[in-house]
Amino acid sequence: MRKQHPIGKGDPQKIPSQQSRFPLVTTWGGRFIDRRIKNAPTMADNFPGKLEELPFKGIMTWNGIVVRHEDADIPSLTYAYLREARKISCGECSVCMIGLDRVIGIFRKFIEGTGTIQDLKEIEEIAYQVSVNGKCYFGRSAALVPVADAIKHFRQDFLALITGKRVLINRGYEFAVTAPCIEACPASLPITAYIEKIKNFQFRESLELIRLQCILPGVIGRTCTHPCETACIRQKIDESLSIRLLKRAAADEDLKEGASSLPLPRKEKPEKVCIIGAGPAGLAAAYHLRLFGYGVTIFEGLSAMGGMAAVGIPDYRLPKEVLFHETNLIKRMGVDVFLNRGVDLLKWDDLKEQGFKALFLSVGAHRGGDMGLAGENDLVDGFEQGIDFLRKVQERCSDIKPVRKVFILGGGNVAIDCARSCLRLGFSHVEILYRRSRKEMPALPEEIDEALKEGVKIRYLTAPLRVKSKWGRLEGLECVKMKLGDPDHTGRRKPVPVAGSSFTLKADKVIAATGQEVDASFLTEQDRKKLLRGNKVWADPLTCQTDLEGVFAGGDCVTGPATLIEALGMGNRAARSIDAYLQGKPYRPQNFFAGIDTSLQRNDGFLPTKQAVRVRLLPESRRMGDFIEVEAGFTRNEAMEEARRCLRCYRLMVWEVDKPKEEQPKGRGRGT
Amino acid sequence: MIRIHIDDQTVETKGGGSILTEAGKLHIRIPTLCYHESLSPFGACRLCVVEVKQGRRWDLTTSCNTEIVQGMIVRTDSPEIRRSRKAAAELLYYKYPRTRAIRDIAERLGVRVTQTKEDARECILCGLCVRACQEIVGVNALRFEDRGPDHPGEPPRIGYLGDSCICCGACAFICPTGYIRMEPVGADRRMIWERVFEMGACRVCGKKFAPLAQLEYLSRRSDIPLAQVMTCITCREAGIPASVVDEKDWVSMHQHR
């Protein structure tokens with residue numbers, strides 16, 4: 001989706017000297033400021049922060065124009081913008097694509113020298129009509145909005161075009177495309193594009209696009225925390241698109257149609273890469289490295305691939321057939337996977353001698369963290385870590401003897417997973433204790449709703465103090481009531497104990513699901529000093545490189561317990577970074593939209609409302625005693641109907657590159 | 001009951017309908033190109049725009065896919081509406097000047113049109129055929145292709161999935177420009193989307209009366225044995241001799257009736 005531009009490979013920090021820090025002219029957000037005129041207002045607030053780092057003379061974006069250099073050629077830039085916009089326009093409604101075609105046609109007249117002032121008026125009328133009558137948000141707020149700005153505020157330049165004092169020339173242009181959902185996604189999935197494919201009944205093509213950035217579509221389609229949906233512009237009108245379920249539909253449809261396989265590398269490369277841990281990060285890295293042609297070997301301590309997805313997410317949320325199908329596909333590309341082969345002590349030098357040129361650490365965070373409770377480390381029978389419990393549910397479900405009263409500590413997804421699993425195993429009273437209120441609860445709201453429907457009780461504003469036991473057997477839990485104080489650094493209100501409110505709950509089992517840590521015991525003392533910061537592995541957030549030469553790291557062991565999609569995104573990035581490292585090329589991914597608010601747009605207008613398609617769920621009465629998947633997923637037609645709700649909020653930026661003449665790249669913008 | 005206001009008329013209605021259908025009940029004519037009452041609205045042609053009051057402002061919206069809500073104030077005619085309809089028609093005319101269906105509607109909306117007898121019958125991407133195939137026939141043999149940022153340069157078009165097609169001709173029937181045509185090939189075959197289909201012969205009189213693929217589809221969908229479906233309507237009304245259809249088929253056919 002995003003186009004790497006050649007400058008990114010050099011030094012992106014260096015801005016050519018003649019360029020000033022503030023722009024000369026901007027129409028950002030529709031506010032016109034011209035600093036060439038005396039006493040113009042300052043425009044610090046009218047300049048999207050990170051554009052500063054981009055070496056451009058003039059940039060045309062969905063939200064306006066920013067000019068930094070007097071030399072910028074706006075009519076030529078407009079022509080370049082139009083040609084990029086035309087590629088995004090889908091042609092579904094009659095105004096946007098034909099409108100763009102018509103305007104491009106008029107620009108051709110300018111090139112031929114047959115343009116008139118009447119033509120400028122026509123462009124303005126088309127731009128206006130597309131912005132009020134376009135079907136999607138690309139048409140309304142991006143297709144011709146900046147073009148109208150250009151003609152309005154740089155009229156002299158366009159008049160010069162008509163009189164022949166100016167010609168359209170190619171100055172060398174770069175472009176970048178995104179959407180608010182793509183920006184919110186930790187793995188930058190091409191969301192708008194794959195939704196478009198589903199809308200047009202091209203499920204296979206959709207899956208191919210998803211797999212570019214997400215190698216576990218069925219898994220992510222079931223379990224993702226979907227930050228994309230939180231960013232979805234549609235919720236301003238009615239409700240967010242069910243992006244997660246659409247991804248799942250593409251994966252389900254593929255299984256129904258006979259499961260496609262993954263592409264194979266075009267060319268083999270001699271270098272070998274070692275990956276420790278077959279979780280989402282490790283698998284994503286393995287897939288991309290294999291596709292680049294490297295030999296990949298994975299060592300995994302568990303008996304199955306998938307990491308947290310295999311042992312941390314119960315079957316009613318993620319049936320393991322789906323996970324194993326997708327992980328096996330990666331294996332079938334020629335990745336060597338050794339299961340049940342955890343690394344006891346990592347010796348990078350030995351691995352190097354075996355011929356590995358790079359190492360990727362993705363061991364995850366599988367050890368339950370201490371809560372700081374009195375008595376929690378006394379090895380009490382009946383007190384358990386959430387993550388250990390979930391693993392037992394996965395591996396030795398029949399070993400768990402249901403007891404009467406179980407309390408689960410914590411408010412995250414692990415706590416909810418534990419609680420719902422307990423109910424399914426036959427525990428009669430399942431209660432979650434959480435120290436803040438529902439509003440602050442980090443678990444997914446839909447998961448909390450389902451848990452409550454199934455009969456899980458949640459006691460808010462309650463914190464445990466002490467695990468009470470007798471002869472090593474759990475007796476109960478001493479708790480204290482909390483109230484909410486001032487917001488802390490996460491923005492959530494901090495719970496404060498209410499004095500004298502402690503009380504004891506009788507409990508048969510307590511599960512602590514408050515956090516996980518990295519188990520770093522496999523590192524040598526020396527490596528620990530180099531690799532760890534605090535109790536996590538440190539890696540460069542962009543390149544995933546650690547302080548040890550040739551060693552990269554990603555996933556939960558770097559971020560601490562996070563989401564599958566974050567791990568997957570890091571795996572993708574690590575693979576590209578390892579490739580650059582092995583090829584001896586610099587790697588520095590650039591996010592052109594970082595620091596720019598992509599939710600901004602002009603001309604929202606009125607849009608017909610349409611509620612999201614409701615996904616069918618298993619009736620509560622059939623859920624107990626079994627781990628049948630709760631969510632049914634969309635059918636083909638439901639998915640297509642939901643995909644039609646996408647507003648296509650594509651955000652396009654095209655800029656005139658500011659570079660010394662001899663380095664001028666071959667642009668795509670063509671002129672006379 | 002939902003009360004809405006359309007052009008100074010107050011309407012009380014059950015709700016669930018669109019502005020277009022409600023206006024239709026009041027005999028208000030709104031031009032459309034991509035709308036068909038049997039299909040889900042698409043909002044592609046942008047000719048059916050009306051204005052909805054939002055606070056003090058009037059906002060344009062397509063009437064076919066805007067559901068009515070309590071207290072909605074709508075007007076179906078204003079200079080702004082006429083301007084937008086004309087602009088959309090003008091763009092369509094710019095793109096498809098040689099197609100008569102476009103010329104006709106553009107002329108009605110005030111676009112100056114060059115009169116000619118020519119009719120190129122181009123595909124105008126209204127999507128009626130795609131929707132008919134999906135929603136009424138239920139086979140999904142048509143879809144839009146080459147849309148969105150992955151197909152730079154390619155003009156969007158209707159893609160045809162021959163394996164799913166049953167040659168029912170619904171797309172040809174609904175096509176507003178005549179771009180899709182179903183034609184006989186000789187006496188016993190029929191062609192649509194450049195694919196030739198065999199016609200099935202009636203088991204009684206032997207007349208080739210419907211495409212085989214369509215009869216097979218009907219049989220599959222309705223669970224009626226193919227032998228029974230393969231009887232033309234004339235013979236069916238006349239009663240079917242037992243020698244042609246075996247007894248079991250008879251029983252199930254009567255059950256279905």
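Q: What makes two residues count as being in contact in this predicted model?
A: Their C-beta atoms, placed from the backbone, lie within 7 Å. By that test, 31 residues of chain B are in contact with 27 residues of chain A.

Q: Which elements of chain B supply the side that touches chain A?
A: Strand S3 (49-54), strand S4 (57-62), helix H2 (79-95) and strand S6 (142-145) of chain B each supply at least two residues. H2(B) gives the most, with seven residues.

Q: How do the residues on the side of chain B that touches chain A divide into nonpolar, polar and charged?
A: There are 15 nonpolar, eight polar and eight charged residues on that side.

Q: Why are H2(A) and H2(B) called roughly perpendicular?
A: The axes of helix H2 (residues 96-112) of chain A and H2(B) cross at roughly 65°. Angles of 65 to 115 degrees count as roughly perpendicular. The two helices are therefore roughly perpendicular to each other. Their axes come within 9 Å.

Q: Is the crossing of H2(A) and H2(B) left-handed or right-handed?
A: H2(A) passes H2(B) in a left-handed crossing.

Q: Which residues of H2(A) and H2(B) meet?
A: From H2(A) come A:Ile98, A:Gly99, A:Asp101 and A:Arg102. They meet B:Leu91, B:Leu92, B:Tyr94 and B:Lys95 in H2(B). This contact divides into four nonpolar, one polar and three charged residues.

Q: What makes S11 and S14 of chain A edge strands?
A: Chain A has an open sheet of five strands, in the order S11-S19-S12-S13-S14, with parallel pairing. Strand S11 (383-385) and strand S14 (457-459) each pair on one side only. That makes them the edge strands. From one strand to the next, the twist averages 25°.

Q: How do you know that S12(A) pairs with S19(A) and with S13(A)?
A: Two strands pair if there are at least two bridges between them. Strand S12 (residues 405-409) and strand S19 (residues 509-512) of chain A have four bridges, in the parallel sense. Five bridges join S12(A) to S13(A), also running parallel. Both pairs meet the cut-off. A:Val406 stands opposite A:Lys509 in S19(A), and A:Lys405 stands opposite A:His429 in S13(A).

Q: Why is S12(A) called mostly covered?
A: A residue is buried if 20 or more other C-beta atoms lie within 10 Å of its own. Four of the five residues of S12(A) are buried, so the strand is mostly covered.

Q: Which helix lies across S12, S13 and S19 of chain A?
A: Helix H18 (residues 413-425) of chain A does. It runs at about 170° to S13(A).

Methods: Residues are numbered from 1 along each chain as its sequence is written. Chains are lettered from A and ligands numbered from 1 in the order in which they are written. This is a predicted model: local features need pLDDT of at least 70, side-chain atom pairs count only at pLDDT 80 or more; totals for chains, interfaces and linings use all residues. Ala, Val, Leu, Ile, Met, Phe, Trp, Tyr, Cys and Pro count as nonpolar, Asp, Glu, Lys and Arg as charged, and the others, Gly among them, as polar. Axes are lines fitted to C-alpha atoms, for helices over the stretch in contact, and angles run from 0 to 180 degrees between N-to-C directions. Angles under 35 degrees count as roughly parallel, over 145 as roughly antiparallel, 65 to 115 as roughly perpendicular and the rest as oblique. A crossing is left-handed if the near helix is turned anticlockwise from the far one by less than a right angle, and right-handed if clockwise. A residue is buried if 20 or more other C-beta atoms lie within 10 Å of its own, exposed if 12 or fewer, and partly exposed in between; C-beta atoms are placed from the backbone.
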